[in-house]
Structure formats: C-alpha cells, structure tokens
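Open the model in your viewer and keep the sequence panel beside it. This tour goes from one selection to the next.

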Amino acid sequence: MKSLAELKAIRDKMQNTVGLRKEDADEQATRVVVGMATCGIAAGARPVLAAFTDEVAKRNLHHVMVTQTGCIGICQYEPVVEIMEPGKEKVTYVKMTPEKAVRVVNDHLVNGNVVTEYTIGASAKA
C-alpha cells in the first residue's frame, strides 16, 4: 500500500465482495447474530455460522444479514444464535448445530415459523 487512495480502493472492493449494505437498507434487514466468543467457538459456533452464511447465500435471501458477535451471556446454551426481524421480538436459538441452522433458515427465515424446540424457552423447560 502506497497511499490513502489505494487503501480506499481496497476497502471499496472488499465491501462489494462481502456484500455490505448501506445504513438505510440495514434497518429493513433481518439480522442473524451468532455468538462467537471463546465459549461459543469451543461449543461449535464456527460451523453454525458457516451453515447460516452458506444457506442464506444459497437461497439468495438478500433481506437477511448474518453477523457475529462476542459473548451473548448464556454460555451454558452455546452455540447461541439470535434472530432479529424488524417489528418482531428477538428469537434466541440455543445449542445450535449446522443441521439445526439449515432448518432455522428454511422454517424461520424463509417460511416465518419459529422453530420453538430450538429456542431458549424450550431449552430452559427441558
């Protein structure tokens, strides 16, 4: 890198590559947030994140943004995934696996049906 302009060009190219959206588009996006703190990673959050990312891309769900975060604060339930849809309450999925992630994309993100047996409410009762 030789200049600030070159750095800006690299940044612009990478933003297009990863499909970052503008601020106003984010307000209408459904957010899938995977906890990727040490506890989440140790429990298998990396393959869960990959499964969500791959499935959302495969289905061309442009209104869905898959991101990661640090500790969500419920380590005993890792891997934890939160889904936030505009105008709806947050849904927290726990003890996720890549297979469960595929079902959540199909049932929840595509068809609008929360997979209640994977939620924290169902886990707390078990």
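Start with the largest nonpolar core, which has 22 residues. Select Phe 52, Val 81, Tyr 93, Met 96, Val 104 and Leu 109, the residues with the most contacts inside this core. A nonpolar core here is a set of buried Ala, Val, Leu, Ile, Met, Phe, Trp, Tyr and Cys residues joined through side-chain atoms within 4.5 Å. Buried means under 20% relative accessible area, exposed over 50%, and partly exposed in between (1.4 Å probe, protein chains only).

Now colour the elements that give two or more residues to this core: strand S1 (30-35), helix H4 (45-58), strand S3 (81-84), strand S4 (91-93) and helix H5 (98-110). H4 gives the largest share, six residues. Helices (H or I, at least four residues) and strands (E, at least two) are DSSP runs, numbered from the N terminus.

A word on the source: this is a predicted model, in which local features need pLDDT of at least 70 and side-chain atom pairs count only at pLDDT 80 or more, while totals for chains, interfaces and linings use all residues. Residues are numbered from 1 along each chain as its sequence is written, and side-chain values use heavy atoms, with hydrogens and water left out.

**Helix H4**

Centre on Phe 52. Leaving out residues up to four places away in sequence, Phe 52 touches Val 32, Val 34, Val 66, Val 81, Met 96, Ala 101, Val 104 and Val 105. Contact means heavy atoms within 4.5 Å.

Next, show the buried residues of H4: Ala 45, Val 48, Leu 49, Ala 51, Phe 52, Glu 55 and Val 56. They cover an arc of only 160° around the axis, which puts them on the same side of H4. The arc is that of the directions from the helix axis to the C-beta atoms. An α-helix has 3.6 residues a turn, so residues three or four places apart point the same way. Turn to the other side of H4 to find Arg 46, Asp 54, Ala 57 and Lys 58 exposed. The cover over the buried residues of H4 includes S1, helix H3 (38-43), strand S2 (64-69), S3 and H5.

Is Glu 55 buried or exposed? Glu 55 is buried, with a relative accessible area of 7%. Glu 55 touches Val 102 and Val 105, again leaving out residues up to four places away in sequence.

**The strands**

Select S1 and S3. They pair in the antiparallel sense over four bridges. Two strands pair if DSSP finds at least two bridges between them. Val 32 has Ile 83 in S3 as its bridge partner. Glu 82 stands opposite Thr 92 in S4. The hairpin of S3 and S4 has six residues between the strands, and Gly 87 there takes a positive phi near 80°.

**Backbone stops**

Most residues other than glycine have a negative phi, and most peptide bonds are trans. Go to Asn 60 in the loop between H4 and S2. Asn 60 is not a glycine, yet has a positive phi of about 55°. At 53% relative accessibility, Asn 60 counts as exposed.

Move to Lys 95, in the loop between S4 and H5. Lys 95 has a positive phi of about 50° and is not a glycine either. Lys 95 is partly exposed, at 42% relative accessible area.

Finish at Pro 79, in the loop between S2 and S3. The peptide bond from Glu 78 to Pro 79 is cis, with omega near -10°.
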